[in-house]
Amino acid sequence: MDKQDLRQKNLELVRETLKDLKEASKPELAEASGLSVVTVNAIMEKLLEKGDAKAIEETISRGGRRAKRFRFAGERHLALSFFLHETQGRSLLTIFLENLMGEILAQQQFFPEEVTKDYFLRLLSPYIERYPQIAMVVAGLPGESLPGGMENTPYKDLEGVAFDKWLEKELNRPVHLFSETQAALIGYTLTEGSAEGDIAIGLYFPEGRHYSAAILVDDTFFTGKDGAAGIIDHHFGSGETHSLDHLRETARVAGMLIKSWNPHRLAIYNEKLSAEIVSKIKPYFTFKDEIPVTYKKYKYRDRKSVV
């Protein structure tokens, strides 16, 4: 690693340390990051210049001197996120605005009157106008985002549309589009925590629609050469979602994913997941002692940020 790479790595380390602590003095940052006070002092000058940190007050340090304290500038950039998924035969939309600390500043949840490109634009534009510090938009939608546009989505107006590219142009903000399985897996790994190099797999079998998986490798989704990795609908036949045949097939596909990816953990999602269903599916999992398997009712996120 050359000197420039080392400087950048140290800068990111101090930035993330201040973000975790929310506020701290330079000696506290040095102790928490493992860097010297001299190195932290130089880095803090850069973070202050970039606007990533703010000087807030001075306190008496352990040596009796006054020590300046700093706060992570979490309000400098905001993220606008919206997630849509089917529940009880209806589309439920969740919108939330959060800062860089993952703190939610505004949130809405409702059943939209329609699901079209223009509807999303009308819905999101007021947020951009009111909060110009929104730096990115994060979207989670049923279906897969492929180079030719969205596929396997239940919304006709979005089928075949490169929705993220279209929305980027309309809102003039970067748009990060995830499938519903990917969005749920992000929430799961943020809540449970993950270590460097972790591989997590999410397997989602929704009611009445196609089945999908998501593969998260070291906090980055593996989507394959054309974005189609994780589409597993062809493995399942027709029939009742919770029939024994379906549960056996779910276990078989989960086993296939585990043998292929050797992940550290697996999360299985379904809107109607219950203790009874879990008790039926567990006997078919021959790998259950090899890795942690979590059974969860489907939801996009827990308390922590997806950004």
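**Turns, strands and a pocket**

Me: What value does phi take in Gly34, the residue that follows α2?
Reply: α2 is followed by Gly34; helices (H or I, at least four residues) and strands (E, at least two) are DSSP runs, numbered from the N terminus. This is a predicted model: local features need pLDDT of at least 70, side-chain atom pairs count only at pLDDT 80 or more, and totals for chains, interfaces and linings use all residues. Residues are numbered from 1 along each chain as its sequence is written, and side-chain values use heavy atoms, with hydrogens and water left out. The phi of Gly34 is positive, near 85°.

Me: Why do residues three or four places apart in an α-helix point the same way?
Reply: Count the residues in each turn of an α-helix. Residues three or four places apart point the same way because a turn has 3.6 residues.

Me: Is Asn172 buried or exposed?
Reply: Asn172 lies in the loop between α5 and β10. Its phi is positive, about 60°, although it is not a glycine. Its relative accessibility is 63%, so Asn172 counts as exposed.

Me: What distance separates the C-alpha atoms of Gln107 and Phe96?
Reply: Gln107 is in strand β6 (residues 104-110) and is partly exposed, with a relative accessible area of 49%. Beyond its neighbours within four places in sequence, Gln107 is in contact (heavy atoms within 4.5 Å) with Thr94, Ile95 and Phe96. Gln107 and Phe96 are 11 residues apart along the chain, and their C-alpha atoms are separated by 4.2 Å.

Me: Which residues does Thr153 touch, not counting residues up to four places away in sequence?
Reply: Thr153 lies in the loop between β9 (149-151) and α5 (163-171). It is buried, at 11% relative accessible area. The residues it touches are Pro142, Gly143, Leu158 and Glu159.

Me: What phi does Asp218 have in the turn of the hairpin formed by β12 and β13?
Reply: β12 is largely enclosed by the rest of the structure, because 5 of its 6 residues are buried. It runs antiparallel to β11 (residues 199-204), with 6 bridges, and antiparallel to β13 (residues 220-221), with 2 bridges. The hairpin of β12 and β13 has 2 residues between its strands, and Asp218 has a positive phi of about 55°.

Me: Which element gives the most residues to the lining of the second largest pocket?
Reply: On a 1 Å grid over the protein atoms alone, a cavity is a set of points where a 1.4 Å probe fits but cannot get out; a pocket is an open set with protein on both sides within 12 Å along at least five of seven lines, and lining residues have an atom within 4 Å of a point. About 430 Å³ of space lies in the second largest pocket, and of its 26 lining residues the closest to its centre are Ser145, Leu146, Leu177, Gln182 and Thr223. The elements that give two or more residues are β8 (144-146), α5, β10 (175-179) and β12 (212-217). With 5 residues, the most comes from β10.

Me: Which strand gives the largest share of the lining of the second largest cavity?
Reply: About 30 Å³ of space lies in this cavity; grid points are joined across faces, edges and corners, and a volume is the space filled by probe spheres set on the points. Among its lining residues are Gln182, Ala213, Ala214, Ile215 and Phe221. The largest share, 3 residues, comes from β12.

Definitions and conventions. Buried means under 20% relative accessible area, exposed over 50%, partly exposed in between (1.4 Å probe, protein chains only). Two strands pair if DSSP finds at least two bridges between them.
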